[in-house]
Every structure is written in C-alpha cells, then in structure tokens.
Amino acid sequence: MFKKFKGITFLVILMAFVLFVAGCNNSGGGSVDVGIVLPTKDEPRWVQDEQRFKDALADSDYSTEILFSQGSSAKEKENVEALLNKGIKVLIITPHDGAAAASAVEAAKKEGVTVIAYDRLITDTDAVDYYVTFDSLAVGAAQAQYLVDNAEGTDVPLYLYAGAASDNNAFLFFEGAWKVLQPKIADGTFKIANSSEAEALKDSADLSRDQLGKIIGQITTNWDANEAKNKAQTHLTAASDDLKGDVVILAPNDGTARSIADVFASDGAITSYFVTGQDAEKASIQYIIDEKQSMTVFKDVRTLVKDAMGMAVEILDGKTPETTGSYNNGEVDVKAKQTDVIVVDKDNVKSELIDSEYYEASEFTGLE
Ligand code: BGC
C-alpha cells in the first residue's frame, strides 16, 4: 500500500512537472519568435515605435511580443527573461541603460538568441549581433547647424543641454553637435552660457569620451522633461544680463526641448530664442507650427522598424542580414544598418510629415 502510494505520488509529481515545463514554454499563450523590448512608455518617442511595430507586424507570419521596461534595467532584464521563456529566437531591444543591459543580452545569447540593438547601442559586451540605428552624429550636427544658420551677430549666448549619460546616443548627439559648434565658439559667434566644463574645453574640436562625459554630466537632462525644466530655470536664474537677450539653445530631443522652451519663453529678459529638438513628436510639431520650438530632427521610425523586422525575418529564415557599417561598443564592432535623418522646421513640416503620411493634417491646428 505504501509502495503503491509512493508510485502514485511520483506520477502526480511527474505530471505536475510536465505541465510546469509546458507552461513555462507557453506562458501568456503560445510561443513567440521575436521579442521586442522598448525602454519606456513615458515618452511619446517609444510609444510611437510600438505603434509602428504593430503596423508593420499586422501581416507577419512570425509571432512577436512587445514589452516596456519603464526606465528600469531590472524590469528590462525581467522582460528579456520572460521572452526567453517564451522561446524567442530574435531579441530586438532598446536598452534603458546601454551598459547595464549587457547582462540581459548575455542571458539571451546563452540561449542562442540573436540580439539586435534597436536605436540605442548596448555597450561593453560581445553579446550584440546587430545594430539598427539612425545617423546619430548627423542628428547632433543638424541641430547645431540650425543654430549656426539662424543666429545673428556675435557673442550670442549658447545654452547647452544633453541626453542621459547612460545612453550611448547622448554621446553621439553631443559629439556631432560639438564639431559644428566649437569653431563658432572659437570665432566669437557664440559664448557658452551654462557649462563650465564645455567652457574649459572650448578650444578642442575633438573631444575624447571622457571629455564628452564631463560636459554631458553637467548639462544632462537624463532624457527627463522635468529635469530639463529645472535645469533651465536654474540656469536662467543664475544668468547675468549679457547671457540673456537673443539666445540659442541646443536641446537634445523634443520632450526636453518643449520644457526648456517654456522656461525661456516665460523669462522677460529673453527677447528671442532658437531651440532644437529631435523625434518629430506630435506635441513638438504643434510647437513648431506655433513657433515655440524652432526645429526637430525627423527620424522616420517606419524605416527603423522595417530594418529591424527585416533583419529578424532574415535571421529566422536562416539568412545573413545586410549591414552598411559597424559601431564599436567598447568591446566589439557591431554590424550596423544606418538610416538618414531629416531636418524639419516650420517651412517644410507639411511636405515632410503630412505629405509623407507620417501624420495627418487633422492632428494639428494652424497648419498652412
Ligand atoms: C533616442 C531619441 C530619444 C531619446 C530619449 C535616444 O536614444 O535616439 O530618439 O529622444 O533616446 O528617449
């Protein structure tokens, strides 16, 4: 009797185990071919990417799942693990923090998954196979060039802001911008208004990663609109009269640009400002129409999504994806596919964003 009972217990445990394993492979209903992990829902930029992925996937033969990490590397690692449990073969991931994401993608590589870094590079690991990206140096250069082209006179106060130091792109954007701004600081067109670190390096056209890190550390917004607003307020409170009047502002993206613009617009001693941005977020397109933000850099997310999914499908089909160059991530050269960017201001907003059907005219007011 005891023996028989043991036999039944064993069977029950075995069955439970089989069910458990099956559950692990299938949790959430069915297996997934491609896992997509995006950094946060709190910024329209990434919600836009989610929508573009959904549009592109509508008639795909492969199954996909999109998860958000909500600005947390721990949550990001959990997301990757959840997707690994669902049997993904390809991981498309935009890291919240480029270095911290190394352990998540290393876990994926261990399972034989191909890793595609999407828009942001994952640094200091050999566990990244591909990188799909916009030309981020060109983004910064375009922002800076816009300020150069529009500033009048000499000694124009230049306010500098940057993205998060944990994002490799923040370095690329600033590096691209600095190459254009530095000669104009040297020749007296601009004077730096808010960064002693940039001031100390104003004679160097080429900055090392450490030097860039010093400047970014001082003028970072952490990609956070509130932090950008607080910093801008602090800067304007501290600014002497000769740092007011007609000014130019390098703002790294649309979310931070809008909040920095609001602060500058509400300061009576600022007579005019040019402020940059990037992402062509809807709210910023309205700001550009309303002349509250000067420009944005349009990064057509449809192309990036197409490239990333195209790569994933080739990998699933056993082919080798085509690349156009490579990016060193501190450990290896990661094969990359790069997309160009477009400068948008009030003059071409309609032709670039409405005529190309990126947005609908009815989403904005005052569009001519
Ligand atoms: C992206 C930008 C975005 C920023 C903040 C960067 O890595 O390239 O498009 O605005 O992150 O999320």
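The legends below describe close-up views of a predicted model.

**View 1. The open sheet of seven strands.**
Seven strands build an open sheet, and reading across it gives the order β2-β1-β3-β4-β5-β12-β11, with pairing that is mixed. The edge strands are β2, which covers residues 64-68, and β11, which covers residues 325-328, and each of these pairs on one side only. When direction is ignored, neighbouring strands of this sheet are turned by 25° against each other on average.

**View 2**
Strand β1, made of residues 34-38, runs parallel to β2, and five bridges join the two strands. Which residue of β2 is the bridge partner of glycine 35? The partner of glycine 35 in β2 is glutamate 65.

The ligand is surrounded by 13 residues, and the closest are Glu43, Arg45, Asp119, Asp167 and Asp279. Three of these side chains can be followed one by one. For glutamate 43, a polar side-chain atom lies 2.5 Å from an oxygen atom of the ligand. For arginine 45, an N or O atom in the side chain is 2.7 Å from an oxygen atom of the ligand, and for aspartate 279 the corresponding distance, again from a side-chain N or O atom to an oxygen atom of the ligand, is 2.6 Å. Taken alone, the ligand exposes 310 Å², and the protein buries 100% of that area.

The largest cavity is the space taken by the ligand. Two elements, α2 (44-57) and α6 (168-186), are the ones that give two or more residues to the shell around the ligand.

**View 2. The open sheet of four strands.**
Another open sheet is formed by four strands in the order β7-β6-β8-β9, and here the pairing is parallel. Why is one side of β7 and of β9 left without a neighbour in the sheet? Strands β7 (190-192) and β9 (270-275) stand at the edges and each has a single partner strand, so one side of each has no neighbour in the sheet. Neighbouring strands of this sheet are turned, on average and with direction ignored, by 35° against each other.

Strand β8, residues 245-250, pairs with β9 in the parallel sense over five bridges. Within this region, valine 248 has phenylalanine 274 of β9 as its bridge partner.

Technical notes. Residues are numbered from 1 along each chain as its sequence is written. This is a predicted model: local features need pLDDT of at least 70, side-chain atom pairs count only at pLDDT 80 or more; totals for chains, interfaces and linings use all residues. Side-chain values use heavy atoms; hydrogens and water are left out. Two strands pair if DSSP finds at least two bridges between them. Axes are lines fitted to C-alpha atoms, for helices over the stretch in contact, and angles run from 0 to 180 degrees between N-to-C directions. A residue is near a molecule or strand if one of its heavy atoms lies within 4 Å of it. A polar contact is a pair of N or O atoms within 3.5 Å; within protein, one must be able to donate a hydrogen and the other to accept it, and residues adjacent in sequence count only if both atoms are side-chain atoms. Accessible areas come from the Shrake-Rupley method with a 1.4 Å probe; for residues, only the protein chains shown count as cover. On a 1 Å grid over the protein atoms alone, a cavity is a set of points where a 1.4 Å probe fits but cannot get out, and a pocket is an open set with protein on both sides within 12 Å along at least five of seven lines; lining residues have an atom within 4 Å of a point. A molecule sits in a cavity or pocket if more than half of its atoms lie within 2 Å of its grid points.
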